[in-house]
Amino acid sequence: MARFGVEPNRELGQNFLIDDNILEVIGRTASLMPTDVVLEIGGGLGVLSTYLASRVAYLHVIESDAKLQPLLVDALEAHANAALIHADVMDVDLAALEPEPGKVVANLPYGVAVPALLRTIEELPSVTSWCVMLQREVADRLAAAPGSKTYGVPSVLAQLACEVRFERAISRNVFRPAPNVDSALVVLRRTGQAPPDRVRRLVRAAFAHRRKTLARSVELADAATDRPIERPIERQALRSALVQMGHPDDERAERLAPQEFAELAERIPE
Ligand code: SAM
């Protein structure tokens, strides 16, 4: 960074990996194969990118910070199988990536870790496994079971399409600068398609008001949305559907297993 006159930008979650042992841990955990096509989100200085590029068939690297561009180009110069996409991950047309990625391996930028991860689940059906580093607290939320305090929208949306495994905690000392929070390595394995839009909307609305019942939360969320709703979900229909599923009609969202949200969406009229 000194050579290129660049300072780490904390707002972009620039905590760079400096520990080769962690690279090996990531490599083993991701079960990298020479035939893999991998997507890395947040290339940074290219430490993980170069490690990946030397071990897989093809690597897509997305990095939004223009200041890091020359460093990344320099780091990846010797790797003809790596393609650098200079853009915000939330703006990239992931479905257009060619060749299609089969794995996501990344030290995710903290600010967009959850939305970026969920986008890859939804928009990249070709991806069957993820090995990602993220904030410990986010890792706990992704892997949370129904009934726990950390169980919420990320847990349900990720677990509806994937098996989520908390692999291990990661020390702050493997990054420079050291972040203020702990990190963790999480593995996801695809078990099915991402839930359709209707289910995603129901899940978000169900958890929008955590102290209310599920049906009331959905009603309030529908009323508060600034997008015109084609057909608001009826509170009474939700209450009846919950009862049919063996729940009390005043059930709370955190008591429903991920699959039950899909079932609930099926049971309410379109
Ligand atoms: N892969 C590198 C490593 O392990 O050392 C860097 C990881 S660092 C935690 C996250 C990287 O994501 C930073 O380089 C940051 O600039 C980049 N980033 C932040 N927000 C981004 C976004 N919305 N889209 C793409 N990259 C982003």
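**View 1. P99 in the loop between β4 and β5.** In this predicted model, P99 belongs to the loop that runs between β4 (82-86) and β5 (103-107). The peptide bond joining E98 to P99 is cis. Its omega angle is about 0 degrees.

**View 2. P177 in the loop between β8 and β9.** Another proline, P177, sits in the loop between β8 (175-176) and β9 (183-190). The bond that leads from R176 to P177 is a cis peptide bond. Omega for R176 to P177 is near -15 degrees.

**View 3. S31 in the loop between α1 and β2.** S31 is placed in the loop that links α1 (20-29) and β2. Phi of S31 is positive, near 45 degrees, and S31 is a residue other than glycine.

View 4. T50 is part of helix α2. In sequence, T50 and L76 are 26 residues apart. In space, the C-alpha atoms of T50 and L76 are 6.3 Å apart. Leaving aside residues up to four places away in sequence, T50 touches A75, L76 and H79.

**View 5. Helices α5 and α6.** Helix α5 covers residues 136-143, and its axis comes within 6 Å of the axis of α6. The two axes cross at roughly 55 degrees. At this angle α5 and α6 are therefore oblique to each other, and their crossing is right-handed. On the α5 side, the contact is made by R141, L142 and A143. On the α6 side, P154, S155, A158 and Q159 take part. Sorted by class, the residues of the contact between α5 and α6 are four nonpolar, two polar and one charged.

**View 6. Helices α6 and α7.** Helix α6 (residues 153-161) also approaches helix α7 (residues 197-206), with the axes coming within 9 Å. The crossing angle of α6 and α7 is roughly 155 degrees. Angles over 145 degrees count as roughly antiparallel, and α6 and α7 are therefore roughly antiparallel to each other. The crossing of α6 and α7 is right-handed. From α6, the residues V153, V156, L157 and L160 meet V199, R200, V203 and R204 from α7. This contact of α6 with α7 has six nonpolar and two charged residues, and no polar ones.

**View 7. The largest cavity.** Rolling a probe the size of a water molecule over the atoms shows where empty space is left. The count of cavities of 30 Å³ or more comes to one. The largest cavity has a volume of about 40 Å³. Its lining is made up of G13, N15, N107, L108, Y110 and F175. By class, three of the residues lining the largest cavity are nonpolar and three are polar, with no charged residues.

**View 8. The second largest pocket.** The second largest pocket holds about 420 Å³ of space. Its lining comprises 28 residues. Of these, L12, G13, G42, E63 and P109 lie nearest the centre of the pocket. G13 also lines the largest cavity. Elements that each supply at least two residues of the lining of the second largest pocket include the strands β1 (16-17), β2 (37-41) and β3 (58-63), together with the helix α2 (47-53). The lining of the second largest pocket divides into 14 nonpolar, 10 polar and four charged residues.

Notes
Residues numbered from 1 in each chain as written. Predicted model: local features only at pLDDT ≥ 70, side-chain atom pairs only at ≥ 80, totals over all residues. Heavy atoms only, no water. Axes fitted to C-alpha atoms, helices over the stretch in contact; angles between N-to-C directions. Helix = DSSP H or I, 4+ residues; strand = E, 2+ residues; numbered from the N terminus. Parallel < 35°, antiparallel > 145°, perpendicular 65-115°, else oblique. Left-handed = near helix turned anticlockwise from the far one by under 90°. Contact = heavy atoms within 4.5 Å. Nonpolar A, V, L, I, M, F, W, Y, C, P; charged D, E, K, R; others polar. 1 Å grid on protein atoms, 1.4 Å probe; cavity = no way out; pocket = protein on both sides within 12 Å on 5 of 7 lines; lining within 4 Å. Points joined across faces, edges and corners; volume = space filled by probe spheres on them.
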